[in-house]
Amino acid sequence: MKKANVLRFLHDNPDFLAEHADELGIRLRESKMRTFSEAKLAAADRKIDTIARHMADMTENAEHNHAMLDKLTRLNLSLMACNTLQQVDTALRDSLNADFVLPHFDWFLLQTPAKKLRMPASLMLPENHAARGALRKLHAPQCDTRLLHKSLEKRLPENAESESFLHLPLRFHDTTLGVLLIGHPDPNYFAPDAPTTYVAMMGAALGATLARIMGLRAA
């Protein structure tokens, strides 16, 4: 065995000589023994620190997930009690303002209800709206630092200084019934690589509620 390999092994296993001193017929100085013990303790401390960091991350993620599911559950319960579009609007606004703290938003319909309903004229996006074509093609949540179409700026509050945006399609089966548009002043909040699992769940719940109220059925 080459000397370099032996030295490398001893470097990677600093407690080897101390553990096998009797077998090797060597007597280590007390200071050397202490060095090996300290190295072993330091290695153990590093492992403990690593495990502690991983546990802290797991706990933080679990708490975040629990909080998000709790907010979604409250919204879903509110939507289940809705029988009008105005009630949906109230439930959604209460949830986004109070629970999610996302005050810069608007939502609108792309699909005409199958039955006569009372609703604000502004809730239906006009057929000739410049962004309508792009919005109809939305099949999944889209996050970006830009709007799908510049004309959508007018749908957000005038005082909103948004740097990132969520375009959430409200779908029922294969149809996009409407869109929830949310802006945020932090450019990283709705960054293109932002996770969308929970907002997709929100979109599905809203889509199912809208379909029920609008009298729509699956094709």
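Tutor: Let's start with Ala-130, which lies in the loop between β1 and α6. This is a predicted model, where local features need pLDDT of at least 70, side-chain atom pairs count only at pLDDT 80 or more, and totals for chains, interfaces and linings use all residues. Residues are numbered from 1 along each chain as its sequence is written, and side-chain values use heavy atoms, with hydrogens and water left out.

Student: Which residues is Ala-130 in contact with, leaving aside its neighbours within four places in sequence?

Tutor: Those are His-149 and Ser-151. Contact means heavy atoms within 4.5 Å. As for Lys-150, its C-alpha atom is 8.8 Å from that of Ala-130, and the two residues are 20 apart along the chain.

Student: Why is His-129 called buried?

Tutor: Buried means under 20% relative accessible area (over 50% is exposed, in between is partly exposed, with a 1.4 Å probe and protein chains only). His-129 has 18%, so His-129 is buried. His-129 sits in the loop between β1 (105-109) and α6 (132-136), and touches Ser-151 and Leu-152, not counting residues up to four places away in sequence. The His-129 side chain also reaches the backbone nitrogen of Ala-131 at 3.0 Å.

Student: How much of the protein chain is buried?

Tutor: Buried residues are 34% of its 219 residues. The chain has 7 helices and 4 strands; helices (H or I, at least four residues) and strands (E, at least two) are DSSP runs, numbered from the N terminus.

Student: What makes α5 and α7 roughly antiparallel?

Tutor: Angles run from 0 to 180 degrees between N-to-C directions, using axes fitted to C-alpha atoms, for helices over the stretch in contact. Under 35 degrees counts as roughly parallel, over 145 as roughly antiparallel, 65 to 115 as roughly perpendicular and the rest as oblique. The axes of α5 (residues 85-99) and α7 (residues 197-214) come within 10 Å and cross at roughly 165°. α5 and α7 are therefore roughly antiparallel.

Student: Which residues of α5 and α7 meet?

Tutor: From α5 there are Leu-85, Val-88, Leu-92 and Leu-96, and from α7 Met-202, Leu-206, Thr-209, Leu-210, Ile-213 and Met-214. By class, the contact has 9 nonpolar, 1 polar and no charged residues. Ala, Val, Leu, Ile, Met, Phe, Trp, Tyr, Cys and Pro count as nonpolar, Asp, Glu, Lys and Arg as charged, and the others, Gly among them, as polar.

Note on methods
Polar contact = N/O pair within 3.5 Å; in protein donor to acceptor, adjacent residues only side chain to side chain.
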